[in-house]
Each structure stands twice: as C-alpha cells, then as structure tokens.
Amino acid sequence: MEVTLFIHAADDAFRILENAKAQAVGLLDTATRLTSDTRWMEEKKVKSILKGAEETRSGFQNFVATFVMLMGFWALLSGKFDAFHITLGVICSLIVAYLGHDLLFANVRVGDGRVIAQRFLYYIPWLLREIVTANFHVAYLALSPEMPIDPQIITFRTKLESDISWVTLANSITLTPGTITMDIEDREFMVHALDRKVADDLDTGEMEDRVAHIFMEADHIYIQDVLDVSRIFTELKRGM
Amino acid sequence: MVASSDDIIIKTIARILVPFIQIYALYVIMHGHYSPGGGFQGGVILGASLALLLITHGYAEVRKRVPEGVVILLGSLGVLIYAGIGLICLLLGGNYLDYSQLSVILNVDPAHARSLGILGVELGVGFTVMAIMYSIFFDISTGGVLSEDQKHEEKLEGKK
Amino acid sequence: MNEFFVAVGLGMCILVFLVLYRVIFGPGVFNRIAAISAIGTKTLIILLVLGYVYNRVDMFIDISMVYALLNFIGCIAAAKYLEMER
C-alpha cells in the first residue's frame with residue numbers, strides 16, 4: 001500500500017518535473033523569439049525612418065496641430081488682434097496647414113508633444129552654458145601665439161532613434177564651438193573636433209544622454225541574450 | 001529632374017521650416033499697409049519656400065503639393081484678380097482701379113473699400129510672383145526637361 | 001543707450017571687413033561661400049542695431065527675418081549647385 005502511494009507520489013513528482021522542463025523550454029523559446037523580434041523590429045524601424053516619414057499620427061491630428069502652431073506664429077508676428085486680422089490669420093493658417101500637414105509632425109508619437117516641448121525648454125539653458133564654456137576654451141586656443149590645435153575627426157555610433165533627435169544632437173554639436181558635425185550616415189556621426197580636450201568632452205556622451213532624455217528615447221530594455229530574461233521577469237513580478 | 005538630397009539634417013530642418021516661411025510670407029503680404037512688405041516681397045518669399053522644398057526634397061515631393069498645371073494656373077489667376085478688380089471698378093461707374101466704387105458691393109464706407117481693394121490686388125500680385133519665381137527657378141535648374149525619359153528622347157531626336 | 005548700440009554696430013562693421021578678406025582672397029569657392037554666409041549673420045545684427053538707433057525696431061525685425069531666411073536658402077542652393085557640378 002505504501003509502495004503504491006510511493007509510486008503515485010513518484011509519478012506526480014515526475015509529471016511535475018516534466019511540466020517544469022516544458023515550461024523552461026517554452027520560456028527559452030519565447031526569449032529567443034523576443035530577442036530576434038526586437039532586433040528585427042528595430043532594424044525595420046530604422047530602415048523606415050531613413051526612408052521617409054513614419055505614419056504614427058493620423059492626418060487630421062497632424063492638420064489640427066499644424067494649424068494651432070501656425071496660428072500661434074501668426075499671432076506672434078502680427079500684434080493686432082481685431083476681427084479682420086484674426087480672420088485673415090485663420091484663413092492663411094488653414095491654407096498653409098492643408099498644403100503642408102505632413103511636413104511638420106512626421107515622426108512624433110501620439111500624445112508626446114507637451115512633454116517633449118517642456119523638456120526641450122529645460123535643455124536650452126544647459127546648452128547655453130556649454131556654449132559659453134567652450135567659447136572661452138576656443139578663444140584661448142585661437143589667441144595664444146603657438147595655437148595648440150590638433151584637428152581630428154571622430155566617429156561614434158548613436159543610440160538615438162528618430163531623425164529629429166539626430167538633428168537636435170547634430171545642431172547642438174555644431175553650435176558648441178570647437179566641434180562641427182560633418183555627416184550622419186546610418187546612425188554613425190562624423191564630427192570634426194578642434195583639439196583633444198573638446199573631443200573628450202564630446203566622448204563622455206552627456207549631450208547624447210540629455211537629448212535622449214528630451215525625446216524619451218533609449219530608455220527601454222534591450223534583450224541582449226536569454227539570461228537577461230530572468231532579471232526582467234523579476235522586475236515585472238515585483239511590479240505586479 | 002532635381003534629385004533629393006541625401007543629407008538627413010538638411011531634409012529635416014527644411015521640412016520643419018517650410019510652413020513657417022509660408023506663414024511669414026502671407027503675413028508680409030497681408031500687412032503691406034502697416035509694415036514693410038506688400039505683394040511682391042511676400043510673393044518672392046513664397047517662391048523661395050517652394051525653391052527650398054525643391055532643392056532638399058526633390059521634384060517628387062513638390063509635384064505632390066503643387067503640380068505643374070497649378071503653377072501656371074496660379075500665375076494667370078493673379079493677373080486675373082488684379083485686372084478683374086480694376087474692371088469691376090470700371091463697370092460700377094468709376095475710373096479703372098478706383099476702389100471707392102467697391103463700397104457698393106461690399107457695404108462698407110469708401111475708405112474701407114479702398115483698403116480692401118488694395119489688399120485684393122496685393123494678393124493677386126503675390127500669387128503671380130510666387131508662380132513665376134518658382135517656374136523660373138525650376139526651368140533654370142532642369143533646363144525645362146521633366147524626366148529622364150524625355151531627356152533620352154530628346155537626345156535621340158538630336159542625333160537623328 | 002544709443003552710444004552703446006552705435007559702438008556695437010561699428011564693431012560688427014569692423015568684423016565684416018575682416019571676413020571680407022576671405023571673400024576676396026579665399027582660395028577656391030567654398031571659402032567664399034562660407035565667408036558670405038558669415039557676413040550675413042553680422043548683417044542681421046547691424047540691421048537690428050539700426051532699428052534701435054532709429055527707434056523703430058518692429059520694422060527692422062521684419063527686414064532682418066527676411067534677410068536671415070534668404071541667407072539660409074542661398075547657402076543651401078549654392079552648396080547644392082556645387083555638389084551637382086562635381
């Protein structure tokens with residue numbers, strides 16, 4: 001009798017172990033699928049961004065957002081707020097927004113506009129401080145009699161994803177004296193720097209991190225290999 | 001056939017700037033009586049915005065928004081508006097381009113009618129100038145040839 | 001306050017003459033294009049300073065915005081022409 005119970009218990013244990021092994025195999029399969037899916041989706045997104053604009057907002061939302069921005073610009077330019085001029089402004093904004101509604105907001109995800117604008121406004125004073133500091137350094141380089149410049153070209157790969165963030169980073173690098181962005185080709189930045197110190201300031205990647213913080217990018221988890229899945233699962237379980 | 005530029009920085013900045021340039025041009029046209037500007041200046045800025053779109057994005061993008069027939073139509077429409085307003089003033093019993101006669105149609109006093117009449121002819125001038133500026137720029141940059149096939153055909157005709 | 005703006009305007013004029021050296025003697029056409037673009041930015045500031053001196057800033061802001069735009073478009077058009085020429 002005890003033997004039968006023992007055999008049943010061993011059977012159950014064996015079945016439980018089989019289930020556990022099947023679950024582990026399923027987990028590994030999902031993990032590999034997720035890894036390859038993530039990489040494939042990332043490549044597809046980069047390709048479509050490089051090809052042109054991605055359709056992430058409907059045309060009508062784009063139209064309304066463009067109309068509001070153009071109307072604000074008109075009100076800023078023309079200080080007169082009587083009925084005649086405002087009517088003219090509305091008509092002109094409607095025509096221009098209709099003709100170019102897919103120009104202004106080609107890659108923005110839905111619902112992001114306000115947060116990005118506010119973070120951009122917080123980014124500008126930091127950029128101004130960087131420009132002033134670099135200005136002093138370049139002025140010292142240019143005015144000293146032996147002119148210790150050491151021109152070099154740096155290439156680095158960026159972690160940003162959309163074209164607006166690339167353009168923001170490139171413009172910030174060019175605005176800072178001492179560095180000029182020469183080309184962006186397939187996520188590789190080619191930057192011409194004036195000497196070693198300015199290049200080192202760029203290599204720390206602080207500007208890139210701040211630009212990624214503005215556009216809310218590069219803040220998701222990249223699954224590099226299957227061993228990362230357990231860490232992610234613990235985080236998710238803690239959240240649940 | 002103007003090719004699109006393959007530099008992503010210029011493409012992004014140009015596509016963000018073009019609507020603002022066009023609104024600025026329309027502001028310059030509408031406020032001709034108050035600040036420097038008027039019809040011709042606003043038309044030149046509008047033409048420059050189309051030229052910017054042409055250089056950076058290539059001919060396909062601009063043809064989507066402003067096809068070739070529409071350009072010629074706009075050029076003639078501007079002249080029609082200008083001459084038409086003058087003719088209406090003539091038909092209403094005044095001199096040619098005597099805007100105060102328009103107060104009969106528009107139900108405003110003659111001073112207001114003059115102001116609106118001038119705004120109307122400035123709009124007409126703006127349209128024509130925009131169309132002609134864009135057309136001149138396009139013709140000079142491509143030699144009047146619209147596509148590669150046409151260039152090939154013309155070369156064959158020339159050889160014959 | 002007027003004297004300060006006039007001094008700034010004169011300083012910008014001197015800078016324009018310094019850059020003019022590159023426009024005249026620049027070896028090659030790329031130097032000349034970059035120098036003309038730089039002169040354009042100095043011209044913007046001189047226009048605004050004139051606006052303050054004549055006490056009609058609103059008029060001169062319109063003019064300087066147009067000039068900034070045309071400077072930008074001209075630089076891009078010249079660069080595109082040179083790229084196609086090669």
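Predicted model: local features only at pLDDT ≥ 70, side-chain atom pairs only at ≥ 80, totals over all residues.
Strand 2 of chain A covers residues 179-185, and its pairing with strand 3 of chain A is antiparallel, over six bridges. One pair to find on screen is A:Glu185 with its bridge partner A:Glu188 in strand 3 of chain A.

Now follow strand 3 of chain A, residues 188-193, to its pairing with strand 1 of chain A. These two strands also run antiparallel and are joined by six bridges. Here A:Thr155 has A:Met190 of strand 3 as its bridge partner. Is strand 1 of chain A buried or in the open? Of its six residues, 152-157, the number buried is zero, so strand 1 lies largely in the open. As background for viewing these strands, side chains in a regular strand alternate between the two faces of the sheet.

The assignment gives domain 1 at residues 59-99 and domain 2 at residues 113-214. The C-alpha centres of domain 1 and domain 2 of chain A lie 35 Å apart.

Chain B is our next stop. What does its pattern look like along the sequence? Chain B reads α-α-α-α-α-α, with six helices and zero strands. Its radius of gyration is 20 Å, well over the 15 Å that the globule rule gives for 160 residues, so chain B is more spread out than a compact globule. Along the principal axes, the C-alpha atoms of chain B fill a box of roughly 60 × 45 × 20 Å. Buried residues make up 36% of the 160 residues in this chain. If you count the contacts in chain B with a separation of 6 or more, 63% of them are between residues 24 or more positions apart.

Chain B touches both of the other chains we visit here. Its contact with chain A takes 17 residues from chain B and 20 residues from chain A. Helix 1 of chain B gives the largest share of the chain B side, 15 residues. That side divides into 12 nonpolar, three polar and two charged residues.

Turning to chain C, the contact takes 12 residues from chain B and 12 residues from chain C. On the chain B side, the elements that give two or more residues are helix 1 (8-30) and helix 2 (39-65). Which of the elements gives the largest share of this side? Helix 2 of chain B does, with five residues. The chain B side here has nine nonpolar residues, three polar and no charged.

Finally, let's look inside. The largest nonpolar core has 44 residues, and those with the most contacts inside it are B:Ile23, B:Ala25, B:Leu26 and B:Ile45. Helix 1 of chain B gives the most, with 12 residues. For a local view, pick B:Ile45: leaving out residues up to four places away in sequence, B:Ile45 touches B:Ile21, B:Tyr24, B:Ala25, B:Val28, C:Val66 and C:Leu69. Apart from this core lies another, of 16 residues, among them A:Ala170, A:Val191, A:Ala193 and A:Leu202.

Methods: Residues numbered from 1 in each chain as written. Chains lettered and ligands numbered in written order. Helix = DSSP H or I, 4+ residues; strand = E, 2+ residues; numbered from the N terminus. Rg over C-alpha atoms; globule rule 2.2 N^0.38 Å. Buried ≥ 20, exposed ≤ 12 C-beta atoms within 10 Å, placed from the backbone. Contact = placed C-beta atoms within 7 Å. Pairing = 2+ DSSP bridges. Nonpolar A, V, L, I, M, F, W, Y, C, P; charged D, E, K, R; others polar. Domains from an automatic or database assignment. Core = buried A, V, L, I, M, F, W, Y, C linked by C-beta atoms within 7 Å.
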